[in-house]
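Me: I have a model open and want to go through it piece by piece. Can you take my questions as they come?

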Amino acid sequence: MIITPPARDGASGHVAEMYEEDISGDGFIHTYTAAMAVNPEAHEAFMALVRAVVPSIGVRMYEAATLGAARGIGSAHCLIAHARKSLKAGVVDEAGLRGFAEDDDSGFDAAEQAVIRYAEKLSTAPASMTDADSQALRAVGFTDRQILDITLAAGLRNHFSRSLLALAVPLDDDLQLDAEVAAALMRRAGRI
């Protein structure tokens with residue numbers, strides 16, 4: 001990674017908040033957090049957008065959209081981070097994540113599976129999407145607002161994941177995830 005993140009010592013404002021959130025939640029500062037700390041205002045704006053979409057779709061659907069987009073992009077950073085977050089939130093178990101890494105989404109319910117497929121297509125072939133793709137979300141009960149917010153959630157993950165990949169942000173050594181699950185997700189991202 002060519003950019004130099006701000007040091008933890010002397011960090012203030014939003015940078016200090018970013019670092020403290022990682023330390024209190026995971027025990028260390030994630031490399032992706034440090035990279036984004038170079039522009040704390042952009043990170044704050046990104047998080048404001050996340051907070052704007054989650055209320056209508058909930059954490060489960062936000063994580064499903066995030067995982068689907070990350071799988072489509074091949075973002076090891078976001079696959080690992082959101083696998084961990086999905087486990088903590090009770091969205092899916094380790095067996096479901098191992099299956100997800102192999103394109104088996106049966107560890108998720110029908111609505112989550114529709115969101116995963118939609119987000120993955122948005123991340124791999126957005127120009128080919130039609131109303132039929134959105135109709136698949138409508139068919140499992142999503143409202144107009146929820147369809148828009150699922151789309152925005154997947155788009156936000158594209159923004160973040162692709163930025164990390166473009167900057168060659170290294171992966172964290174401490175994955176805090178079952179080694180087998182982490183390896184399956186890393187294989188899916190083409191990292192091993």
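Me: How do the residues of the lining of the largest pocket divide into nonpolar, polar and charged?

Reply: The lining has 12 nonpolar, 7 polar and 11 charged residues. Ala, Val, Leu, Ile, Met, Phe, Trp, Tyr, Cys and Pro count as nonpolar, Asp, Glu, Lys and Arg as charged, and the others, Gly among them, as polar. Note that this is a predicted model: local features need pLDDT of at least 70, side-chain atom pairs count only at pLDDT 80 or more, and totals for chains, interfaces and linings use all residues. Residues are numbered from 1 along each chain as its sequence is written, and side-chain values use heavy atoms, with hydrogens and water left out.

Me: What volume does the largest pocket have?

Reply: About 710 Å³. A pocket here is an open set of points on a 1 Å grid over the protein atoms alone, where a 1.4 Å probe fits, with protein on both sides within 12 Å along at least five of seven lines; lining residues have an atom within 4 Å of a point. Grid points are joined across faces, edges and corners, and the volume is the space filled by probe spheres set on the points.

Me: What does the His 43 side chain make a polar contact with?

Reply: The side chain of His 14, at 2.8 Å. A polar contact is a pair of N or O atoms within 3.5 Å; within protein, one must be able to donate a hydrogen and the other to accept it, and residues adjacent in sequence count only if both atoms are side-chain atoms. Beyond four places in sequence, His 43 is in contact with His 14, Met 18 and Met 36, where contact means heavy atoms within 4.5 Å.

Me: Change of topic. How many residues has the largest nonpolar core?

Reply: It has 57, and those with the most contacts inside it are Val 115, Leu 137, Phe 142 and Leu 185. Helix 3 gives the largest share of this core, 12 residues. Such a core is a set of buried Ala, Val, Leu, Ile, Met, Phe, Trp, Tyr and Cys residues joined through side-chain atoms within 4.5 Å.

Me: What does Leu 137 touch?

Reply: Not counting residues up to four places away in sequence, Leu 137 touches Ala 114, Val 115, Tyr 118, Phe 142, Ile 147 and Ile 150.

Me: Which residues of helix 5 are buried?

Reply: Gly 96, Leu 97, Gly 99, Phe 100 and Ala 101. Their cover includes helix 3, helix 4, helix 6 and helix 9.

Me: What caps the N-terminal end of helix 5?

Reply: Asp 93, with a side-chain oxygen 3.3 Å from the backbone nitrogen of Ala 95.

Me: And what follows helix 5?

Reply: Asp 103, whose phi is positive, near 70°. Asp 103 sits in the loop between helix 5 and helix 6 and counts as partly exposed, at 45% relative accessibility.

Me: What about phi of Ala 168?

Reply: Near 55°, a positive value in a residue other than glycine. Ala 168 is in the loop between helix 8 and helix 9, and is partly exposed at 48%.

Key: Buried means under 20% relative accessible area, exposed over 50%, partly exposed in between (1.4 Å probe, protein chains only). Helices (H or I, at least four residues) and strands (E, at least two) are DSSP runs, numbered from the N terminus.
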